[in-house]
Structures are given as C-alpha cells and as structure tokens.
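Student: I am new to this structure. Please take one kind of side-chain contact and look at it closely with me.

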Amino acid sequence: MAVATQPAGAKHNIAGARQAYYDKIAKFHMTPLWEVLKDLVTPEPNTQCLPALWKFSDVKRLMLEAGEVISAEEAERRVLVLENPGMPGKSRITNSLFSGIQLILPGEIAEVHRHTSSAIRFVLAGDGAYTAVEGEKTMMAHGDFIITANWAPHDHGNPGREPVMWLDVLDMPTVNHFDTSFGAHYDEKMQKTNHADGDSFDRYASGVLPDGAPAQLNRSPVINYPYAKMRPILQRLKDTGDIDKRHGVRMRYANPINGGPVLPTMGANLALLPQGFKGEPYRSTDATIFAVAEGEGVTVIDGKPFEWGVNDVFVAPSWKRYAHSAAKESVLFSISDRPAQQALGLWREGN
Ligand SMILES: [Fe+2]
C-alpha cells in the first residue's frame, strides 16, 4: 500500500505557513483554538493552587511587627495576605478566594466601609475587639464565625487590652472575575449600632423567625455564630456517634431563612476530630481553607503531610486528596466556594 510521503522541509513549511496565518489573524484579534484547546479543556482540574500551611507562631510574630510599621487607620485594614505559593502576586489563597490575617491593637478602629465582596471572620487570638455589621456590634471571641455579607457596612474596633487577630476570607477574586467590584466609604468612622450583641442570632437562629422575615434571602442574616454556642453542638453530635469517616463530626453553618449556605459565594463548616481520628481520603472541586480552633494533628494533602496546631491555617487545592488525623481532640473550621460551584452545577466530590 502506498504511503503518502512529504518532501524534506515540508514540515518546516507547514509550521511556517501556520505561523504566518496566526500572525495574520492576530491583527483581527483572532487566534487558533487548536493551539490552546488541551489547556482549556482538561480531563481533571489543573489548578495552580498548591497545598500550604501557615503556622500561627510565624503569623503572630510577623503580624505584631506590622503593628509597629503601620497603624490600622493608615492601612484602612491591617491585613497580611495569605498568598498561595502557587499564585504569587495574585492576592489569593485559592483561585476564587482571598484570605488574610487581620490585626487590631488596643484603642484602634478600622473605619466603616462596604463592598460587594462578602467577607467572613474566624477569630483566632485575643479578646476585647468587636465587629459592627448592619447595626449590630458583636464582640469577637476565639472561634467565632462572623459574616459581613455583600454590601453590608462594617467596621471593627478594639476597646480592650490585647491585640486581636482573626482570619479574613473574602470572595474578592470571584467578584473581580465577574468585574463586579464596588466599594464605598462613609463620612463617619463608625456606624451607629442599635442592636444588642447577639441580636441577629437570637432573632433568626432560634427556631423562630420575626414575623415578616423575608421568605427568600440568599445569605444568612446572622452576624455572629459564636463558638460558645457551636462547640457544645459538636460535642452532642460526637456523643451520639455521628462521625463521618472523612470529615469527623461536622456541621455546616446554615442560613436560617432557607437552610442554605451562609453566603451564595462561600460556605463554611465546623468539624470535631476525636482524639486518634484517622480520616479516610477525600477530594472535592472546592479548594478548601482550614483554620484550627483546637487540638493538633496532621493533614496529608496530595501526598504531603502538614502538621497543624491551634490557629494554624492551611489550604487543600481543588481535586487534591486530603486526609486528616488528630493526635488530640481537635476542631477544624473550613470554608470554600462550594455554594457558588453548586449553584453553577460544577461541584464534584470523590475519594
Ligand atoms: Fe471590608
């Protein structure tokens, strides 16, 4: 059977002709899909996000140094970005989420502002600071989970005696992906508050709702899910043996209006790992940020062990397997963009 052959140099000629064609169409702002298709449609997620861990001992020391370098007022928000080592310069910990550690020193305030990015705080260390959101001023204690939803005015202050640090997670990369970032400042430094601390939790998260509460609300009206109220629920679940082989005793922070996630772009969980827990491997498409509220253990992410202790923060990238084990009884907070992926029909999980 005759085989078609090409004269020597034909390959070079074809490559040259193609390049000339690409150069020509580039002038019309067009480019060949066939040159990039394999990078656009991958058999599995091909993330730049790397697994990483930030030790609180380092974070605390470096944050307190920031307190000497810049005031909260000058910085507007004194935050050190937890930058994913696979995405330097991108101000993000996962492809869709920003994360940072915020420090507020005694006597400081972080002025009221608002933005279309939703934010959450998970309080790490120090007592005596507050966050004010939509008229409620809530005191911040270790393990508290505080929400400032899309466009909600918020300010922070520390009338106490200790430096206070917390984990910030915002959906800024997602908002900026859609080119939907808006932000605004106010004339006054602090918003007027007229709701007692805990008002929104009692009002919305007690099995009743105020008459006339909206039937649909795509974000939780609760400002603070206090650790003091969450921790005993984990204990209750543990005592009844409700322990997942991968996640331990885990509950999801819920929007009490509809049972959905606390925010449309971000969802969070709190999990208790019993002492000696050896979790089975798990992976999902939502890259997940973990903060350690209690205990110590190891999480193996994509084959690499990450040892953690109280207030450490670590991240597991999309579709990389991870497995937790706990040397002591431990509590892990976690947050990801799962609600956004689910709303778009993209989310997957596996072993
Ligand atoms: Fe903010």
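Tutor: R203 and D199 meet through their side chains in a salt bridge, 2.9 Å from N to O. The term means a side-chain nitrogen of Lys or Arg within 4 Å of a carboxyl oxygen of Asp or Glu. Both residues sit in helix α6 (residues 199–204), four residues apart, about one turn of the helix. Helices here are DSSP runs of H or I with at least four residues, strands are runs of E with at least two, and both are numbered from the N terminus. R203 is partly exposed at 37% relative accessibility, whereas D199 is buried at 19%. Buried means under 20% relative accessible area, exposed over 50%, and partly exposed in between, with a 1.4 Å probe and protein chains only.

This is a predicted model: local features need pLDDT of at least 70, side-chain atom pairs count only at pLDDT 80 or more, and totals for chains, interfaces and linings use all residues. Residues are numbered from 1 along each chain as its sequence is written, and side-chain values use heavy atoms, without hydrogens or water.

Next, take R61 and D58. Their closest N and O atoms are 2.9 Å apart in a salt bridge. They are three residues apart in helix α3 (residues 56–69), so about one helical turn separates them. R61 is partly exposed at 46%, and D58 is partly exposed at 34%.

R338 and D286 also form a salt bridge, at 3.0 Å between the closest N and O atoms. R338 lies in helix α8 (residues 338–343) and D286 in the loop between β15 (283–284) and β16 (288–294), so the pair ties together parts 52 residues apart in sequence. Both R338 and D286 are buried. Shared partners join R231, K238, E294 and E329 into one network of salt bridges. The whole structure holds 14 salt bridges.
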